[in-house]
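Student: Can we go through the charged pairs in this one? Please keep it brisk.

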Amino acid sequence: MTVIYIDEEKGIDANDTPGTVASPFNSLSQAYLQHGPEKEYRVRKKDEGEYKPAAKAGLKKAANYADTQRKKRAAAADRAEKEAQEEAAREAVLAQAKDIKIAEDPVLPQAVLINIGETDPQVIGLRVRVQGRVHRVAKQGGLVFVTLRRGLDMMQCLLSGTLAKTYDALTLTRETSMEVVGELWNVPAGLHAPLNRELRADYFRIIAKAPGGDESFTNRVPEDGDATTLLNLRHLTLRQDKASAIMFVRDGLESAFHTCYKELGIKKVSPPALVQTQVEGGATLFSLDFYGETSYLTQSSQLYLETVLASLGDVYCIEKSFRAEKSVTRRHLAEYTHIEAELDFITFDQLLAHLEHVICRVIDLIWENPIAAAKIKEYNPEFTKPSRPFLRMRYSEAIDWLRERNIKNAEGSDHVFGDDIAEAAERNMTDEINRPIFLTHFPVEIKSFYMQRADDDGRVTESVDVLMPGVGEVVGGSMRIWDHDELLAAYKREGIDPSGYFWYLDQRKYGSSPHGGYGLGEQRFLAWLMKLWTVREASLYPRFMGRCTP
Ligand code: 4AD
């Protein structure tokens, strides 16, 4: 009988191992798998000098292993054959499907072109024509269910009979744009479809196909894709349910601010983005060459808003602000949308009351839009409208609050008066208190040059940060220094050359007034409203350190 050799130390398990003394196997199971029962097996164990006949137990184990492997291989071969047959059948169906031609029936009533979102009840029973992109396709029996999307509006379309057998129906891919014609009917009770209706197609035509396979939309931007891929392909990600819902609510949010400001008689202006002055410190300025002069992308429109109080009264703007933030956090952007307002002849208390009103009114207005409200509830089911009055807490009280809880500052020591309250500590506060907080009266040293000192404590400013649970600071505001010489002294203290600010100083020269205002970060507000992990999700095409594309 042929002898097969196994050397557990030096042998090699390969398909072409002969199993000789010169070239033995490494394991009995592999040797047995390749040579079967009609052989004699000799094994040299590790650290043993001689080959010995394989033990009975070892041979039995090897035989079982070989048997299992053979069965597995046979099953895999069966599967592959079945798949090949199915594929061939599919190909045959598709080949036949290519010969099926469909045309619109001229005898049917003229179809009325409607929007997918049309809610006029008169369209029920009517022959209509709609255009959109495929959001979902499902094949069931001989039917093809297509959810057609136009913007946020969806319509279920049912392709049946010959329509469902065409090549285009059988190969329909997500994002393909198409036109569907047929009668619109309510779906039977208990079945679900957008607006409880479906278009029973008698004709459809593809307007432009979208790729399938590796290049398919869902392959390129899967719902649970990693953050970098989704950002690299933001132009496609924006077609996903959540991204489009956020952009929809954002649109409603901006409208709500416009409405609220109009209700208050506050005028909208549009200050420049290209400036030569800083507002919030030199560290986050983006500079650029403006025809040979050093200029910056604005950090805030505040100073310009202040200058028009005398000509227009209270004003607001919704403009871009730019911050060359060196840190990459989930709430910092390099370019963000800044909602800023400036109010004339007011007190600090009036400023706080105004802010409380605007925030609550804007949320009420958004809630009046049923679609926006539904989207907010979908992504942030626990959202409740904040109750008034907001909690008011002085900076010095916040320092005590943090000390009592042993929450450390950025250096890892106890917080002391004068410390910046870092993002993590601020998050601790908002998460525990879990309601909007007006954090007021920050020390002069940690705030911007333009802030008015408090009458009752010269160490602090009449300033406010509005903190929201989950996000932290969404608004920064203050009363402004309105005395000319006091402002000059502030420039000096901060080491800023006041000459570039002649226009800002002139405001204090020609009929100055106590005034104040604030800036609200739209992306942060939206992140709070919709419980977004990061403000990046609240930007159409987010810009932050390391990302300026697409
Ligand atoms: O607190 P900030 O820096 O205040 C100002 O710019 C004032 N000049 C505004 C004013 O009084 N008119 O910024 C105001 C708000 C912040 O509370 C935050 O919501 C947002 O702007 N913000 C940012 N949002 C995203 N990314 C950044 N890098 C942001 N920096 C500020």
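What follows is a short chat about salt bridges.

Tutor: This is a predicted model; local features need pLDDT of at least 70, side-chain atom pairs count only at pLDDT 80 or more, and totals for chains, interfaces and linings use all residues. Residues are numbered from 1 along each chain as its sequence is written, and side-chain values use heavy atoms, with hydrogens and water left out.

Student: How many salt bridges does a search of the whole structure find?

Tutor: The search finds 39. A salt bridge here is a side-chain nitrogen of Lys or Arg within 4 Å of a carboxyl oxygen of Asp or Glu.

Student: What does Glu306 pair with?

Tutor: Arg508, at 2.7 Å, N to O. Glu306 sits in helix α9 and Arg508 in the loop between α16 and β20, so the pair ties together parts 202 residues apart in sequence. Helices (H or I, at least four residues) and strands (E, at least two) are DSSP runs, numbered from the N terminus.

Student: Is Glu306 buried or exposed?

Tutor: Buried, at 0% relative accessibility. Arg508 is buried too, at 6%. Buried means under 20% relative accessible area, exposed over 50%, partly exposed in between (1.4 Å probe, protein chains only).

Student: Which salt bridge does Arg392 form?

Tutor: One with Glu356, at 3.0 Å, N to O. Arg392 is in strand β16 and Glu356 in helix α11, 36 residues apart. Arg392 is partly exposed at 39%, whereas Glu356 is buried at 7%.

Student: New topic. Which residues are linked in a network?

Tutor: Salt bridges link Glu104, Arg127, Arg129, Glu179, Asp202 and Arg205 in a network.
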